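Subject: Structure for your review

Dear colleague,

Please find the structure below, followed by an account of what was found in it.

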Number of protein chains: 4
Amino acid sequence: MVDKDKRLEGIIVPILTPLNKDETLDEKGFQKLLQYVLEGGVHGVFVLGTAGEFPAFDYKERERIVEIAMEEINGKIPVLVGTSDPSTRQVIEHIRRATKVGVDAVVVCPPYYYPLTQEEIIIHYTTIANHSKLPIIIYNIPSTTKVTIETKTVLTIVERSRIVGVKDSSGNFNSFLELLAFIKSKIPIFQGIGSLTAVSIICGAAGGVMAVANLMPRETAYLYRLIQEKKFEEAMVLQEKINKISRIFKSQSTHAGLKMALSLKGICSPYVAKPISPVSKENEAKIKKVLKESNLS
Amino acid sequence: MVDKDKRLEGIIVPILTPLNKDETLDEKGFQKLLQYVLEGGVHGVFVLGTAGEFPAFDYKERERIVEIAMEEINGKIPVLVGTSDPSTRQVIEHIRRATKVGVDAVVVCPPYYYPLTQEEIIIHYTTIANHSKLPIIIYNIPSTTKVTIETKTVLTIVERSRIVGVKDSSGNFNSFLELLAFIKSKIPIFQGIGSLTAVSIICGAAGGVMAVANLMPRETAYLYRLIQEKKFEEAMVLQEKINKISRIFKSQSTHAGLKMALSLKGICSPYVAKPISPVSKENEAKIKKVLKESNLS
Amino acid sequence: MVDKDKRLEGIIVPILTPLNKDETLDEKGFQKLLQYVLEGGVHGVFVLGTAGEFPAFDYKERERIVEIAMEEINGKIPVLVGTSDPSTRQVIEHIRRATKVGVDAVVVCPPYYYPLTQEEIIIHYTTIANHSKLPIIIYNIPSTTKVTIETKTVLTIVERSRIVGVKDSSGNFNSFLELLAFIKSKIPIFQGIGSLTAVSIICGAAGGVMAVANLMPRETAYLYRLIQEKKFEEAMVLQEKINKISRIFKSQSTHAGLKMALSLKGICSPYVAKPISPVSKENEAKIKKVLKESNLS
Amino acid sequence: MVDKDKRLEGIIVPILTPLNKDETLDEKGFQKLLQYVLEGGVHGVFVLGTAGEFPAFDYKERERIVEIAMEEINGKIPVLVGTSDPSTRQVIEHIRRATKVGVDAVVVCPPYYYPLTQEEIIIHYTTIANHSKLPIIIYNIPSTTKVTIETKTVLTIVERSRIVGVKDSSGNFNSFLELLAFIKSKIPIFQGIGSLTAVSIICGAAGGVMAVANLMPRETAYLYRLIQEKKFEEAMVLQEKINKISRIFKSQSTHAGLKMALSLKGICSPYVAKPISPVSKENEAKIKKVLKESNLS
C-alpha cells in the first residue's frame, strides 16, 4: 500500500472494466490493461468509476474487480475504488467490503435516482463518513447524477467529515476555480474532464482523472511532468494533441470507444454492459484510423 | 392472481414501503397499509415504485417486500412490481425473482446513471423482454432518469416486445395526449402525475398511478367511479379537493410527507431511507392541520 | 369595441402576420386572414403574439399591423395586442401606442434577454400597469423567455395591478391546474398550448389561444361550443382530430408551417421573418397532403 | 480609428451604460467611466453589450451612447458595438447606424426570442454579413439567448462571411478549447467569462471580455501583461484576487453590482434599467466593504 500521509496527485486512470460478450469480467484483459497503465507511469488507478461501468455490477462482481486491481497494482500506486449507489445504506455496504481488501480511498458520487437538495447531499456524505474507516473522495458529476454539489456544500462536508479529495467532473470551470480558491488548501482537487487537465493543474488542481489515460497512459503521465517542470506551453500543445484523439471517442459512450481502441491494440475485449450501445462499424473505422495516425495502434 | 386477460385499469397505488428507524422494513406497518388501501377500493397496487423507495433495497429486501404484498393482497387486485435498476442485467435478475412469486406484471424505468439515447432505451426494454416471462409496463419518469422516452420509442418497443402498459410520469400533457393518440388502442396508458388523473382518464387514459392514494384510497377510487359514470364536473371538483391535500406533501419528498401523514393516522412509521430528508417539525404541523381539516386524521 | 364588462372567453386566434418576401407586411393577405377567422366564428384575436412574429417589427410596423386588425375586426370580437419587449420601458411605449387605437387589452410576456428572478417579473408587470390605461394579460411562455412565472408570482401581480387574464403556454398542466385553482375565480385563465384546449376548458379555463385556429377557425370555434354544451367526449374526438393536423406543423416553426398552409389555401403569402427557416419542400408536400385529406385545402 | 489590420487582442471592457434614475443616459458618468477605463490601460471597449444593458435602448438612444463612446475613446483603442436584436432585420438596421459613426466592429449574439436551430443561426449571421460593411464578432451567450452556437456552426459562418472574432460567454471550457483548436488560427477568440480570462489566454485565446474591468481596468490590463510576459503563476494569483472581488457582484445582476461600486467610487450613478432589481442595502454594504479592503474605494 502507498504512503498514507502523502497527498494524492497526478494522473489518475478511471480504469475500464473489460467484459466478455456475456458481460462477465474479462479477467485477462483487465490484468493486461492494469499492467499497461502501470507501465505507462500513471499516478493512481480509480476502479469502478463512471468509465469503469460500476452501475453494471452487483456486490460480488465489484469485489472480484477490486481484488484483481489490488493484486495487479500491488501497492505501486494508490488504488481508489468507486462505491457509489442510489442508496446511502448500500454505499456503506460497498465501502465495508472495499475496506476488507485494503484500498486507499473510496470515491462516492451523490445518489442518482431521486432529485436531491444540497441538505440531502450533506446527509449522504456525513452518514457515509460516520460508517467508513476509509478516507472518502467527493465525486461531483451532474451529467449523471442530475445534481451539482455546490462549493458551499463541499465546504460543509469537508468540515464535518474525513474527506481526502474532490473529483469535479462538472465541466463548469468557473465553479472549479471557486472550488480551488476555497478548498485546495485543505484537500487536493482533481479535474474530472480530461481535456481540462493541464489548465486545471496550472490553476492549482492536484491532478486529473482522465479516461483517455486508459489508452494513453504514457502521454498523459508526461503531460503531468511537463506541468511540474513549468513547461506550460509545451503542456498545452500536448494537451491539445491528446484532446484531438479524445474527440473521436465522443460519438458514443466514451468507455465504449476506449474499449474498442484497446481491443484494436490487443489489450482487452471491446464489449460494454447493456444498455450502452456498442461502437458502430463506422466509428470503429474512424478509431482505427486515428490510432494509426497517432502511432497508438 | 387476477384474470390475466383483463386490461389493467383504474387507480393504482404506488405503495409506500414503511421503514423502521434503522431502515429495516416495518412489516406490520406495511401489512396495515396494504389492508387500508385494499379496503379503500383501489384497483391495483404497484410495489417498489418511486414512492416505494425501490433504490434503497437490495435483492433480498426487495423479495421480502414483494412477498408480503402478495400475501396481503392475496389475488384480490393486480400486483405490479418495480424492477428498475441502473443496469439492464440486474433488471433481468430482479424480474427473475419477481417471476417466482407470481406477480402480475413488472414496471421498469430506463437505467438512470448514464445519459441514454433513444436507441439505448430500446436496447434496454427489448433485452429485458427477451429474458422475461412477465408482462412489462414501461415507466417514463424523466425527473429521476434524466431521459424522456419519446412516443416513437414507445411505439418501437411495443411492436417488438410484450408490453402491457405505459405509466407516464413526465408531467408533459401534450406528449401524454400523443401517447394516447398513438398507443391507447394497443395497450393501456396510465397517468403518473396524481393531479392529472381525472383529465387523463377523460382523455382516454386507462387510469392513474396516484401516490396520494396511499393516504386517500377511498377518495381516489371514488374519483375513478365518478369518471366512469361520466360525472366529469363532479370528478373535477373532487380532483381539486385531492390536489389541495396533495400540495401539502410537496415541501419535501412526497413519500416522506405521505409516510408522516400515515404515521399520524396510526397506520405505519414515518421513517424514510437516507439521504432523503425527513419531514421538518414545521411541515409535520402543517400536515397534521390538513389531515384534521380534511377529516382524514 | 366590445363590451368592457364581459369576461374574455372562448377561442382566441394568435393571428399570423403575413409578410411579403422582403418582410414587409402583406396587407391584403392580412385582411383576408382576419376576415377568414372572423367568419370562422372565433371569439377573439390576439395580434402580435408569438405566432404573429412580434419581435420582427419596430414601433411603426407594429402600429400599422394593429391598425389593420382594428379596421377589419371593427369591434365584432375583442382585439388583444402583444406589446412584449426585452425592456420594461419599451413595453410601456408599445402600450402607449396601442392605447391610441383603442385595443381591448394588451398581452405581455416577461422580458426575454436577461435571466430574471420572480421579484424582477413582479417589478416588470407592476411598473407597466402603473403606466398603462389598458387592461393587461399576463403571458407565461418559458420556452421563449427562459423564465416560468410561478403561480405565487401571478397572484402577487394580480393583487397589485389591473390584470384581466392569464395566458399560460408553459405546457405544464400540473401548474396550469394550480393556476386555475388559485386564480380563475378572479380572472379568466387561457390555455396557450392548442392541443390542451379542450381539457383545459373542462378543467375550468376560460378558453384557449390556438395558433391552429388561423387555419381552422370554424373547427376550433366548434370545439368550444361542444364543451359549452357539455359534449365532452365528442369534444375530445374533435380535439384529437385538430391535434393530428397540428402535429404536421411541428417539423418547423409553427408559424412557418401555418403560413405555408394558408398560402396553399390562397389566403396569404408564406414568408416568415428571418432567421426562422422557411418550410422545406418535403414539409410543404406533407402539409399539402394533410390539407387535402382533411378537406381543408 | 485604430489600425484595421491589427488583430484584436487583450482586455476588452464591456462598458456599463450609466443611467439616471429615470433611465435616461447619465452622460457625464458615462464619459468619466470611459476615461477611467482608458487610463486604466484596457485594450478595447465593447459598447452596448450584456453588461451595457443594450436591450433597454431604442435606436436613437443606442446612437447617442455610441456617439459618446466614439468621442471619448477618440481612436485610442478599438470600439466594438453590440447590435443584437431578436430580429435579423433590426440587427441590420442597428449595424447600418453604427457604420455611419465609424466603429471598429460590431458584436452580435443570436436572436433571443424564438428557440433557434443551428441552421437558423447560420441564416442570421450570413444574412447580416451580406448587408454589413463592418466586420462582425460572433457572440455566444446561451445563458441569455437559450441557444449554444456549436463550434461546427461557428466554422460554417466563418467560412461564408466576414467574421473577425468570437466572444464565448458559454462558460463551457471544454467547448472553448474546441473553439480554440479549430478556429484560433483564423480569427481571434475571446473569453467572455471574466474569471476564466487568464487560463483562456494561456490556452490560446486572444483576450478576455471582462465586466469587472469597468471597476478594475488597471488590474485587468496588468493581468494581460503578466501573461504576455509568461509569468503564468503570478497571473493566476492576480486572477484569483480579481475573482474574489467579482464574486461579490453575483448576488444580483452583475451590472447592477458594478454600477453600485462605481457609484461608491464617485464615477457614475448606480441606476439600472427595469426590470433588473437594484442592489439591496445589504449587498451595498458588502460591496462597500470589499472596495475598502481591496483599496478600490
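The structure is a predicted model, in which local features need pLDDT of at least 70 and side-chain atom pairs count only at pLDDT 80 or more, while totals for chains, interfaces and linings use all residues. Residues are numbered from 1 along each chain as its sequence is written, chains are lettered from A and ligands numbered from 1 in the order in which they are written, and side-chain values use heavy atoms, with hydrogens and water left out.

The crossing of α1(C) and α2(C) is right-handed (a crossing is right-handed if the near helix is turned clockwise from the far one by less than a right angle, and left-handed if anticlockwise). Helices are DSSP runs of H or I with at least four residues, and strands are runs of E with at least two, numbered from the N terminus. Helix α1 covers residues 27–40 of chain C and helix α2 residues 59–73 of chain C; their axes lie 10 Å apart, at an angle of about 40 degrees. Axes are lines fitted to C-alpha atoms, for helices over the stretch in contact, and angles run from 0 to 180 degrees between N-to-C directions. The two helices, α1(C) and α2(C), are therefore oblique to each other (under 35 degrees counts as roughly parallel, over 145 as roughly antiparallel, 65 to 115 as roughly perpendicular, and the rest as oblique).

In α1(C), the residues that meet α2(C) include C:Phe30, C:Leu34 and C:Leu38; among their partners in α2(C) are C:Ile65, C:Ile68 and C:Ala69. Contact means heavy atoms within 4.5 Å. By class, this contact of α1(C) with α2(C) has seven nonpolar, two polar and three charged residues (Ala, Val, Leu, Ile, Met, Phe, Trp, Tyr, Cys and Pro are nonpolar, Asp, Glu, Lys and Arg charged, and the others, Gly among them, polar).

C:Leu25 sits in the loop between β1 (10–14) and α1 of chain C. Among the residues that C:Leu25 touches, not counting those up to four places away in sequence, are C:Phe30, C:Arg64, C:Ile65 and C:Ile68.

Turning to the chains, chain A and chain C do not touch, with their nearest C-alpha atoms 18 Å apart. Chain B and chain D likewise do not touch, and their nearest C-alpha atoms are 18 Å apart.

Yours sincerely
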